[in-house]
Amino acid sequence: MKNININLPRKYKPLLFPLGVIVVILASTFTVGMTAFDKLQEVRSKINNFEQSNRNLEEKRDYLATLSQDELSKQSEVATSAIPAEESTMLLLASLKSLANSSNVSVSDFNLAPGDRKASSARPIKIGVSISGSLTSTLSFIDSLKSSYPLMRISKLGFTVSQNKVRSDFSIDSYWSPLPTTISSTDTPLQNLRSSDQQLLTRLGELKKPASLTYTVLQPQGRENPFSY
Amino acid sequence: MVQKKRINLLPKDVEYSEKLRFLKKTSFLVLGVYLFLLFALLGVTFYFFQTESKLASMNESLKQEVDQYRNKEGLLLTIADRVGLSKSIYGLSNTGSIEMVNDIMSLFPSGVEVASVGSKQSGSGIVVAGRTSSSTALKETLDRIKGKQFNEAWLQNFSLGEEGYNFSLDIR
């Protein structure tokens, strides 16, 4: 084995080993320190995230706890009556027929055309209705269209007056939209309803359900068990 | 001036051992500082990990508490969705407002027969066609239109026929 000959004064030779040890310690301290520092930064950012998430969760829990389940169910029913979750042409037909009857106008023509079914917002159903009746009845029909379920918008209106009878041609847009299917993760903050939203919800609650859409559940009559002899 | 000469009478080994002692002291000091920093780092790391684990368990229990209200959250989501959609529908202009129809009807005094009222394809403005045998009624109609706050009102297709004056109005 070959000896390494370091050209160093003899008196410094005993210092070589401790110096080496110090260098190794400093190097390892630097490496370990940097790693530990990185790890600490990571943990710190996790802590910040947890703190934010906990704040959101606490706010969400407190807000949800104050809401009444019954009230929310009622409001949800009102909101889905205004904009149904399904494209129901029968519902529209029944609704318009009922509105025409209650306004004392006669429907002479009725046609439906589906709108854009892939629309991301409310999907329209285009309805063409021709009615005839007195001017007062026609005005009452227009008014009832605006104040009944489901939400309808008159996009075009034309009327012809002859001998005190008004024939009106309406182009109406009714809307539907599927219910939201995904719910955000638990710690996502809630989008609270603003006061303007609450006002709109109250306005939707004031809309009337057309008469034919109000069902009365009949009590069963006759034999208790129809299959018994 | 006489220059004094200093002579170190100590043996060379003593001077060397002095230097070694100094190095030893410095080494201990460095070691002390090093150990202090190491323990401080360990302490901070321990504190951070403890805090993280405490917050994580708190987060879990809060999530469970919020999950109990998942049904309410679903209903709230539905309501917010429908309210947003309703807002966009209400934001669209409504052609057939009862006020507008009443406004138009109030333009025509007795003696003017309204033949037809229709909204334009572009969605802005309406066209009213009418007839009257009385020029006074026609003048009153025009006066009433002037009194209303319409952006524009154009008298179009004005003609005098056998049954009187025929006209159509383009109101915006």
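Two residues are in contact if their C-beta atoms, placed from the backbone, lie within 7 Å. The exercises below concern a predicted model.

**Exercise 1.** Describe the side of chain B that touches chain A.

Solution. 
- Step 1: Count the residues. In chain B, 49 residues are in contact with 61 residues of chain A.
- Step 2: Find the elements. Helix H1 (12-67), helix H2 (70-91), helix H3 (98-105) and strand S1 (112-119) of chain B each supply at least two residues.
- Step 3: Find the main contributor. H1(B) gives the most, with 19 residues.
- Step 4: Sort by class. This side of chain B has 26 nonpolar, 14 polar and nine charged residues.

**Exercise 2.** Classify the packing of H5(A) with H2(B), and name the residues that make the contact.

Solution. 
- Step 1: Take the geometry. The axes of H5(A) and H2(B) are 10 Å apart, and the angle is about 85 degrees.
- Step 2: Apply the cut-off. Angles of 65 to 115 degrees count as roughly perpendicular, and H5(A) and H2(B) are therefore roughly perpendicular to each other.
- Step 3: List the residues. H5(A) contributes A:Asp197, A:Leu200, A:Leu201 and A:Leu204, while H2(B) contributes B:Ile79, B:Val83, B:Ser86 and B:Lys87.
- Step 4: Sort by class. This contact has five nonpolar, one polar and two charged residues.

**Exercise 3.** Treat the packing of H2(A) with H5(A) in the same way.

Solution. 
- Step 1: Helix H2 (residues 69-82) and helix H5 (residues 195-205) of chain A have axes 9 Å apart, at an angle of about 70 degrees.
- Step 2: H2(A) and H5(A) are therefore roughly perpendicular to each other.
- Step 3: On H2(A) the contact residues are A:Gln75, A:Val78, A:Ala79 and A:Ala82; on H5(A) they are A:Leu201, A:Leu204 and A:Gly205.

**Exercise 4.** Where do the buried residues of H4(A) lie around its axis?

Solution. 
- Step 1: Check the length. Helix H4 (residues 135-146) of chain A has twelve residues and spans 17 Å from first C-alpha to last, close to the expected 16 Å.
- Step 2: List the buried residues. They are A:Ser137, A:Thr138, A:Phe141, A:Ile142, A:Ser144 and A:Leu145.
- Step 3: Look down the axis. The buried residues of H4(A) fall within an arc of 165 degrees, so they line one face of the helix.

**Exercise 5.** Is A:Asn104 buried, exposed or partly exposed?

Solution. 
- Step 1: Locate the residue. A:Asn104 is in the loop between helix H3 (89-103) and strand S1 (106-114) of chain A.
- Step 2: Count neighbours. A:Asn104 has 13 C-beta neighbours inside 10 Å, so A:Asn104 counts as partly exposed.

Terms used
Residues are numbered from 1 along each chain as its sequence is written. Chains are lettered from A and ligands numbered from 1 in the order in which they are written. This is a predicted model: local features need pLDDT of at least 70, side-chain atom pairs count only at pLDDT 80 or more; totals for chains, interfaces and linings use all residues. Axes are lines fitted to C-alpha atoms, for helices over the stretch in contact, and angles run from 0 to 180 degrees between N-to-C directions. Helices (H or I, at least four residues) and strands (E, at least two) are DSSP runs, numbered from the N terminus. Angles under 35 degrees count as roughly parallel, over 145 as roughly antiparallel, 65 to 115 as roughly perpendicular and the rest as oblique. The expected span of a helix is 1.5 Å times one less than its number of residues. A residue is buried if 20 or more other C-beta atoms lie within 10 Å of its own, exposed if 12 or fewer, and partly exposed in between; C-beta atoms are placed from the backbone. The arc is that of the directions from the helix axis to the C-beta atoms. Ala, Val, Leu, Ile, Met, Phe, Trp, Tyr, Cys and Pro count as nonpolar, Asp, Glu, Lys and Arg as charged, and the others, Gly among them, as polar.
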